[in-house]
Amino acid sequence: DNGGDEFPGWLCEGVIMKNVHTNQELVFPLNRWMSRDEEDTEICREMAARKKDDNPVLPLVVYDVSVVTGNKWNAATQARVFMTIYGEKGDTGPRELYRSNRSDKFVKGQEDKFVIEAVWLGPISKITIGHDGTASGEGWFLDCVTVMDPEVNKLYKFPCFRWLDTNEEDGKLVRDLYTSDRPMKEATEKDMWDVERWKYEKGNRLLLVCEATGKCVRVKNDRSLDANGEFDDPDSVLTVRSKPRDSYRVFRSEAHSSYHLGIERKKIFSEGKGGVLCEFRVRVQPDRSVLLESGKSPGSFLTFDQSGRAQDADNPVPEGRRFRCCPQGVVSNDNMMILQTNVSQTLQLTDDGQSVATGHRELKAYLRLVQGPGWTEDKPTWMLQSVRDPSKYLRMKDKKCDGEGTGDEYCEFEVEYDELSGKMKLQSMKNRGLYVGMDADGSTVPHIDTGDNNVIFYPEIIQFGNPPDTSSPVSMKITSPAQKDDPGVLSDSGESEQLLSDSEKGKPEQTDPPTEQSDPPA
């Protein structure tokens with residue numbers, strides 16, 4: 001029981017079991033320490049039963065166990081973690097994962113390696129893993145576990161990608177995990193679509209930048225199509241049309257509204273009228289790039305070569321199939337947005353005046369981007385105002401970041417937004433060189449930009465604040481997309497709340513010009 005006043009360890013020579021009815025004895029020799037200060041620090045041992053010839057019935061093996069803590073804010077835990085391995089021939093019983101190959105265990109984004117010695121279990125079916133941390137802040141986000149069986153040289157994979165936390169998800173601290181051959185990754189394509197779909201809402205104006213050329217997909221007046229458009233070329237701007245099916249979209253040329261991107265018989269064209277041949281399934285990748293797959297012909301993708309020429313839609317050119325979506329108007333006055341800190345967490349101003357990187361995609365995380373008091377055309381400054389409590393702003397003051405700002409100079413930031421990657425940084429105007437950053441525990445603090453991800457946010461626009469100015473030149477910074485239909489936000493109770501002013505509610509709805517819903521001629 002690891003008890004005792006001075007030295008709780010135990011040197012066990014072995015165990016003898018006797019059948020009182022037959023007087024038969026079973027001997028389990030051990031001669032090993034069970035102590036946190038001796039040998040391998042284990043305090044639980046398994047001993048193999050032996051036959052008459054002194055050979056074990058089942059071999060004693062050492063399982064190599066790898067545990068990956070998620071790369072989320074406040075994902076680490078200092079609680080004691082226990083694990084049980086189940087196989088066809090039995091289980092290990094609960095074992096504390098005590099001795100890691102790392103000096104600090106279960107740290108954000110880290111892989112810890114352990115060994116579990118046990119009688120061979122046969123084919124492994126599941127594991128149970130959990131911890132004893134019930135206090136606030138002791139939760140744990142577990143990515144996955146792998147177990148290597150040396151007897152048959154087989155690696156078993158147990159994906160999790162869930163919280164073991166009394167204050168997250170279902171509040172469970174213990175989970176049963178089953179073997180799986182699916183990829184060991186957290187964000188599925190559906191997860192990525194959920195956080196990126198705002199870019200593809202109806203009426204949004206955007207650029208599609210081809211990774212093969214570093215330039216934009218462009219539709220010319222002569223109906224030709226390439227991936228050599230400049231960022232300020234009006235022919236590079238596309239308008240999104242949504243379809244009834246989730247993640248399926250149509251892309252229309254903004255400058256030439258009768259032209260749509262499409263694929264027919266593996267050929268890419270720009271003459272379509274917006275029918276079924278012009279529907280694309282937007283497949284968002286883990287790095288937030290996208291593949292555009294034909295809705296009519298699955299397996300056919302919008303593809304360009306390094307010279308910018310359209311290729312056959314089944315041509316396997318990896319970089320020629322990947323695009324960066326650059327929506328217009330992301331940094332615009334009065335935009336309502338969420339600042340994602342990763343796929344499932346957000347920046348949030350809390351009720352007690354703090355700012356944290358562990359929020360959820362809910363009303364509490366909604367922020368409004370407004371011009372700062374020192375805003376000029378040459379040197380724009382911005383403030384982030386709480387939508388839920390408009391009296392509060394994100395602030396950097398006295399070597400800390402919080403949500404106690406009142407709209408003064410400590411709340412002004414320079415917004416550094418990279419259109420290609422979708423990354424945003426917030427540099428203090430009062431404390432130049434310092435950015436709103438995040439520590440591993442999810443707290444927000446001033447940081448110097450060292451190239452790490454701890455100062456990176458991903459904006460998600462809930463509602464664009466300004467109506468589009470279609471007469472102005474193309475601008476990645478200040479041109480807003482079309483006003484959306486009936487925008488709203490989700491309240492804490494899950495009900496829809498309108499956060500629009502009376503003047504905004506009266507704006508007329510913008511609609512696409514009528515098009516024939518038929519396939520273009522071959």
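**Exercise 1.** Which residues make a nonpolar surface patch of about 230 Å²?

Solution. Val 15, Met 17 and Leu 26 make the patch. Patch members have over 30% relative accessible area and no salt bridge, and nonpolar side chains are joined within 5 Å. Areas come from the Shrake-Rupley method with a 1.4 Å probe. Strands are DSSP runs of E, at least two residues long, numbered from the N terminus. Met 17 has a relative accessible area of 47%, so it is partly exposed (buried is under 20%, exposed over 50%, partly exposed in between).

The model is predicted: local features need pLDDT of at least 70, and side-chain atom pairs count only at pLDDT 80 or more. Residues are numbered from 1 along each chain, and side-chain values use heavy atoms.

**Exercise 2.** Find the polar contacts of the Ser 421 side chain.

Solution. Start with the location: Ser 421 sits in the loop between β29 (413–418) and β30 (423–428). Its side chain meets that of Asp 418 in a polar contact of 2.6 Å. A polar atom of the Ser 421 side chain also lies 3.3 Å from the backbone nitrogen of Lys 423. Polar contacts pair N or O atoms within 3.5 Å, one able to donate a hydrogen and the other to accept it.

**Exercise 3.** What surrounds Asp 149?

Solution. Asp 149 lies in strand β9 (residues 140–149). Asp 149 is buried and has no salt bridge (Lys or Arg side-chain nitrogen within 4 Å of an Asp or Glu carboxyl oxygen). The nearest side chain of opposite charge, Lys 154, is 8.2 Å away. The Asp 149 side chain does reach the backbone nitrogen of Glu 151, at 2.9 Å. Not counting residues up to four places away in sequence, Asp 149 touches Tyr 63, Trp 120, Gly 122, Lys 154 and Tyr 156 (heavy atoms within 4.5 Å).

How values were computed. Patch = residues over 30% accessible without salt bridge, like charges linked within 9 Å, V, L, I, M, F, W, Y side chains within 5 Å. Buried < 20%, exposed > 50% of the residue type's maximum accessible area, 1.4 Å probe, protein only. Helix = DSSP H or I, 4+ residues; strand = E, 2+ residues; numbered from the N terminus. Lys, Arg positive; Asp, Glu negative; His and termini not counted.
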